[in-house]
Structure formats: C-alpha cells, structure tokens
Amino acid sequence: MRIANLAGRLTLLHAGGGIDVEKASDGRFPADPQRVYEQWDEFVGWAGSARGLPAEPYDAGQLGSPAPKPSQVFAIGLNYRDHAVEAGFAVPAADPPVFTKFPACVTGPYGEIVLPREGHTDWEVELVAVIGRRAERVGRTEAWSHVAGLAVGQDLSERRSQLAGPSPQFSLAKSFPRFGPIGPWLVSVDEFADPDDLAISASLNGEVVQDGRTGQLIFDVPSIIERLSAVVPLSPGDVIFTGTPAGVGMGRQPQRWLAAGDELVSSIEGIGELRHRFIDQEAPCP
Ligand code: ZN
C-alpha cells in the first residue's frame with residue numbers, strides 16, 4: 001500500500017491514481033495525513049477493501065510529506081561504516097549518535113529549497129521510517145510491526161553551523177526551513193521483499209554522489225527502534241531518519257557544497273525519488 005499527502009489531504013495511491021481517503025471513507029478517516037497513524041491498524045484494514053474504488057489522476061507537484069507534522073523526528077548519525085570514516089569519526093560500536101531534526105523543517109518531495117546565506121549546505125540521502133503503532137521498550141523482533149511504512153528522506157545539513165561550536169551542533173544545523181524533505185509517498189512495510197536491504201542513492205545535477213544499500217546500516221531499523229524506544233516512547237506518526245551512506249560533500253576532496261541552481265535527486269529502491277532545486281536567499285532590504 002502507498003499513501004500520499006496530496007495538497008494536504010490523505011490519499012491512497014492505486015493503479016496510477018489517487019483515492020481521497022476522507023471522502024471515500026465517508027469521514028471515517030480524517031483528511032489530515034498526519035492523523036492516519038493514530039488509527040493505522042484500522043486504516044490498513046479499510047485500505048485493503050478500498051482498492052476497488054475508482055482512483056483519479058493527480059498532479060504529483062502537489063505531493064507533500066506523508067508525515068507532515070510528526071510529534072518527534074529522530075535522526076541517527078554515523079550509521080554507515082564508510083560514512084563514519086569519511087566524516088572523520090569512530091564507527092559507533094554500541095550506541096549510535098541520536099539527534100533531532102526539528103519538525104518545522106519537514107517538507108515534501110519536490111520544489112525549491114533556500115540555501116542559508118554563507119552556509120555550507122550538504123546532502124544526506126536517508127531511509128525514513130514512520131511509526132504506525134506506539135512503541136515503548138520494544139525489542140527488535142517486534143520492531144517492524146510498529147512501523148507503518150518507509151519513505152525517502154534528505155537530512156540536509158548546514159556544516160558551518162554544525163561545526164562552529166565547541167562540539168558538533170547537529171539538530172539546529174539540520175533544521176533550516178525545508179531541510180527535512182520526506183516522500184514522495186509512504187510505502188507500507190509489507191510491500192518490500194526485504195525492507196532491510198534497499199538500494200539508496202543521491203545524484204547531483206545527474207552525477208551519482210551517493211550509492212549504497214540499507215543492508216549496510218550498522219544499526220538497522222529494528223535495532224534503532226529497540227534503542228530509541230528503550231528511552232523515549234515512540235508515537236504513531238513519529239519519523240526516524242536512519243543515517244546516510246558515504247558520498248556527502250563534507251567527505252570529499254575538495255569538499256563540495258550545494259550551490260544555487262543545483263538539482264538533487266534522492267532515491268530508494270521500491271519507494272521512489274525526491275527532486276529538489278536549491279536557490280540563494282534573497283538579499284535583505286537595505
Ligand atoms: Zn543524517
């Protein structure tokens with residue numbers, strides 16, 4: 001099953017078209033895409049029977065994040081060995097670094113993103129998991145049953161503010177407006193032959209800059225959920241960015257940053273792709 005946020009309305013994608021969930025369910029499920037995760041099991045049951053309903057063509061340009069207003073956004077750092085090495089950090093053995101992207105930065109799969117002035121903005125394609133069932137002290141064997149589905153994410157990062165202080169400042173540096181694209185839709189876990197091993201890549205102006213597999217994650221999705229939920233209860237609709245493979249701009253010789261006019265495409269096998277163009281911040285009024 002694939003669900004989308006189409007112009008702010010929860011939409012079931014089927015047969016190349018979309019079914020407006022609030023209308024098709026006579027209001028049983030609200031239009032707000034974020035609220036569906038509170039009724040996830042019930043929704044999955046309904047969606048199975050809704051596939052016979054007529055699907056209408058839709059404008060992909062109106063897609064937003066399938067989880068537009070999560071109560072919590074977790075992000076895992078240094079979760080691929082080759083990325084930890086390029087970033088100059090030790091490979092985490094027991095506990096991966098955890099930070100947040102503040103939920104205000106969540107945005108959809110397409111469109112323009114403003115580069116912070118005098119910043120060094122970098123790309124990090126990541127698998128994103130959205131929670132479908134409250135998770136508190138969940139073990140890894142049960143963890144996947146708490147996930148509603150997977151999406152493509154970009155953990156955009158401004159490296160100057162990230163590294164300016166006495167210790168790295170992940171959360172704020174990764175939360176500029178629209179620095180948390182998620183999409184292009186949510187694919188339920190049952191759709192994947194192996195949700196633990198998906199090709200993941202990013203390309204910049206057509207050049208492949210990141211190319212890996214989620215099977216290379218040091219802490220896989222079940223392990224992340226086990227570790228996070230041991231401390232913080234995870235709520236339906238919460239979002240987890242799971243970490244990025246090698247190939248970010250910071251790890252290159254010479255280093256490379258996003259520039260105005262660049263187009264970044266972020267892809268994951270079995271899900272789809274995000275496509276964003278970067279623009280400069282307008283000069284302030286004199
Ligand atoms: Zn990241």
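Author: A donor is an N, O or S atom within 2.8 Å of the metal (3.2 Å for Na, K and Ca), and sites may look incomplete because water is not among the atoms. The model is predicted: local features need pLDDT of at least 70, side-chain atom pairs count only at pLDDT 80 or more, and totals for chains, interfaces and linings use all residues. Residues are numbered from 1 along each chain as its sequence is written, and side-chain values use heavy atoms, without hydrogens and water.

Reader: Which are the protein donors of the zinc ion?

Author: Along the chain, the donors follow the spacing E-x1-E-x28-D. At 1.9 to 2.0 Å from the zinc ion lie Glu-124 (OE), Glu-126 (OE) and Asp-155 (OD).

Reader: How many residues apart in sequence are the parts that Glu-126 and Asp-155 tie together?

Author: Glu-126 belongs to strand S10 (residues 125-131); strands are DSSP runs of E, at least two residues, and helices of H or I, at least four, numbered from the N terminus. Asp-155 sits in the loop between strand S11 (147-154) and strand S12 (157-158), so the pair links parts whose separation in sequence is 29 residues.

Reader: Is Asp-155 buried or exposed?

Author: Buried means under 20% relative accessible area, exposed over 50%, and partly exposed in between (1.4 Å probe, protein chains only). Glu-126, at 0% relative accessibility, counts as buried. Asp-155 has a relative accessible area of 0%, so Asp-155 is buried.

Reader: How much space lies in the largest cavity?

Author: A cavity is a set of points on a 1 Å grid over the protein atoms alone where a 1.4 Å probe fits but cannot get out. Points are joined across faces, edges and corners, and the volume is the space filled by probe spheres set on them. The structure holds 1 cavity of 30 Å³ or more. The space in the largest cavity is about 130 Å³.

Key. 1 Å grid on protein atoms, 1.4 Å probe; cavity = no way out; pocket = protein on both sides within 12 Å on 5 of 7 lines; lining within 4 Å.
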